[in-house]
Amino acid sequence: MGVPKLKAKAERNYRKGPTWKDCSGCDHFVRNWQGGEEDRCRLIGLKPGRMYRILPHYICDDHDDTKTMAKIRKDCF
């Protein structure tokens, strides 16, 4: 049967991502939310519950890694 998809995930086209680009590199990604083992996205929601869980190897249309890439460039040069 299954559970309906969260509206925020459907609007952002949350899906399995390619190997070179995923949620874990996004600026909106929150690892180990509230000290637990579940990851969250600031855009989809930081609320409790399994529907808000984000998998690190997935991606959405709002993926943004500009801050992460700027930090990497700064550290390299």
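Where is E38 found in the chain? In this predicted model, E38 sits in the loop that links β2 (29–30) with β3 (40–41).

The protein chain contains two helices and four strands. Read from the N terminus, the order of these elements is α-β-β-β-β-α. The C-alpha trace extends about 50 × 25 × 20 Å along its principal axes. Of the 77 residues in the protein chain, 29% are classed as buried. The accessible surface amounts to about 5700 Å², and carbon and sulfur atoms account for 53% of that area. Contacts across the sequence were also examined: among those between residues at least 6 apart, 61% bring together residues at least 24 apart. As for charge, the protein chain carries 17 positive and 11 negative side chains, and 3 Å separates the centres of the two sets.

Back in the loop between β2 and β3, E38 is partly exposed, its relative accessible area being 29%. The side chain of E38 makes a polar contact of 3.0 Å with the side chain of R40. Beyond its neighbours within four places in sequence, E38 also touches N32, W33, G49 and R53. A further reference point is P56, which lies 18 residues from E38 along the chain; the C-alpha atoms of E38 and P56 are 10.0 Å apart.

A disulfide is a covalent bond between the sulfur atoms of two cysteines, and the cut-off applied here asks for sulfur atoms within 2.5 Å.

Is C26 buried or exposed? C26 is buried, at a relative accessible area of 12%. C41 counts as buried as well, with 9% relative accessibility. For both residues the assignment follows from the threshold, because buried means under 20% relative accessible area. The partly exposed E38, at 29%, falls in the class between buried and exposed.

Key: Residues are numbered from 1 along each chain as its sequence is written. This is a predicted model: local features need pLDDT of at least 70, side-chain atom pairs count only at pLDDT 80 or more; totals for chains, interfaces and linings use all residues. Side-chain values use heavy atoms; hydrogens and water are left out. Buried means under 20% relative accessible area, exposed over 50%, partly exposed in between (1.4 Å probe, protein chains only). Contact means heavy atoms within 4.5 Å. Accessible areas come from the Shrake-Rupley method with a 1.4 Å probe; for residues, only the protein chains shown count as cover. Lys and Arg count as positive and Asp and Glu as negative; His and the chain ends are not counted. The place of a charge is taken as NZ of Lys, CZ of Arg, CG of Asp or CD of Glu. A polar contact is a pair of N or O atoms within 3.5 Å; within protein, one must be able to donate a hydrogen and the other to accept it, and residues adjacent in sequence count only if both atoms are side-chain atoms.
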